[in-house]
Amino acid sequence: MSARRVLLVLAASVGLLACKPEGSGQQPVNVYVPFGVDAGGDSSVQEAGLGLGPIDRDGHPLVTVLLVPGSLQDEYNAQSSFEPNVPRVLQDALEARLVALDTLALGDGGPDPVDWPIPDGGMHPLLPMFVSDVLLVDTSVSCTAPDGGFVSSYLDLEREILLGGPTHTTCGGRTPNEDIVDETLTLLITDGRQPVTQGVARPTKASTTTFPYLAGPN
């Protein structure tokens, strides 16, 4: 994280983390570019006639691609990850996609059963996770296994805190080499009742366990 000059800030009392550029003065979102003096930013940037503002997110992969219609992607990406009042049009769009994925037909088995029922007058159970799109990390727990490799930890904290799942035993977040595409599809479509895969299980060569975690050439 230090290589990207980001500041880790406390997001909740359980050691959850979010990121923002150091000294930016902005709400904690993930990717910033200069685009004008009215956008805020630190004094050194403003003196240069530039400001900082959010253009994209870097939380749970696939959210913008799978859950946000193309016409709303710019508006979604511009929202602060910690904005409590997300426009209703964005919430409705994400919820509609979540409902559609939940009943997606798998193979020749017909429509998939509903795994994420929406309570009367309530919202889709997964909506809070993806409307904010914050990747949760517990820094008090190691991300490596006893053998030195990375643990599988994706969505462990989200399942506990947002879905009432079991107490997490991993660091959460997203470790290298983990097949988060299949994990995301399985969560959205079947909630683990049946595995869902896009056909690629692992990289051709695993990442290393030391920074910057890059595998050697094939």
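A residue counts as buried when its relative accessible area is under 20%, as exposed when it is over 50%, and as partly exposed in between, with a 1.4 Å probe and protein chains only. Of the 218 residues of the protein, 35% are buried in this sense. The structure is a predicted model, in which local features need pLDDT of at least 70 and side-chain atom pairs count only at pLDDT 80 or more, while totals for chains, interfaces and linings use all residues. Residues are numbered from 1 along each chain as its sequence is written, and side-chain values use heavy atoms, with hydrogens and water left out.

**Overall layout**

Seven helices and four strands make up the secondary structure of the protein. Helices (H or I, at least four residues) and strands (E, at least two) are DSSP runs, numbered from the N terminus. Read from the N terminus, their order is β-β-β-α-β-α-α-α-α-α-α. The protein exposes about 12,100 Å², and 56% of this comes from carbon and sulfur atoms; accessible areas come from the Shrake-Rupley method with a 1.4 Å probe, and for residues only the protein chains shown count as cover. A contact means heavy atoms within 4.5 Å. Among contacts with a separation of 6 or more, 50% are between residues 24 or more positions apart.

**Core and helix 7**

A nonpolar core is a set of buried Ala, Val, Leu, Ile, Met, Phe, Trp, Tyr and Cys residues joined through side-chain atoms within 4.5 Å. The largest such core has 25 residues, and those with the most contacts inside it are L67, L94, L98, L126, F130, L187 and L188. Helix 2 (63-67), helix 4 (88-102), helix 5 and helix 7 each give two or more residues to this core.

Helix 7 is largely enclosed by the rest of the structure, because nine of its eleven residues are buried. The buried residues of helix 7 are I180, D182, T184, L185, T186, L187, L188, I189 and T190. Their cover includes helix 2, helix 4, helix 5 and helix 6. What does L187 contact, leaving aside its neighbours within four places in sequence? The partners of L187 are W116, L126, M129, F130, L155, R159 and L163. Just after helix 7, D191 has a positive phi of about 55 degrees.

L66 is located in helix 2 and is partly exposed at 23% relative accessibility. Not counting residues up to four places away in sequence, L66 touches R97, L185 and L188. The C-alpha atoms of L66 and L98 are separated by 8.8 Å, although these residues are 32 residues apart along the chain.

A disulfide is a pair of cysteine sulfur atoms within 2.5 Å. By this rule there is one disulfide, formed by C143 and C171 with their sulfur atoms 2.1 Å apart. The link of C143 and C171 is right-handed, with 125 degrees about the S-S bond. C143 lies in the loop between helix 5 (127-132) and helix 6 (156-163) and C171 in the loop between helix 6 and helix 7 (180-190), so the pair ties together parts that are 28 residues apart in sequence. C143 is partly exposed at 28% relative accessibility, whereas C171 is buried at 0%.

D133 is also placed in the loop between helix 5 and helix 6, and at 3% relative accessibility D133 is buried. The side chain of D133 reaches the backbone nitrogen of H60 at 2.7 Å.

**Aromatic pairs**

Rings of Phe, Tyr and Trp (its six-membered ring) pair if their centres lie within 6.5 Å; planes under 30 degrees apart count as stacked, over 60 as edge-to-face and the rest as tilted. The structure holds two aromatic pairs, listed below.

| Pair | Centre to centre | Angle between planes | Class |
|---|---|---|---|
| F150 and Y213 | 5.9 Å | 70 degrees | edge-to-face |
| F211 and Y213 | 5.9 Å | 85 degrees | edge-to-face |

F150 lies in the loop between helix 5 and helix 6 and Y213 in the segment after helix 7, so their pair ties together parts that are 63 residues apart in sequence. F150, F211 and Y213 form one aromatic cluster.

Key
A polar contact is a pair of N or O atoms within 3.5 Å; within protein, one must be able to donate a hydrogen and the other to accept it, and residues adjacent in sequence count only if both atoms are side-chain atoms.
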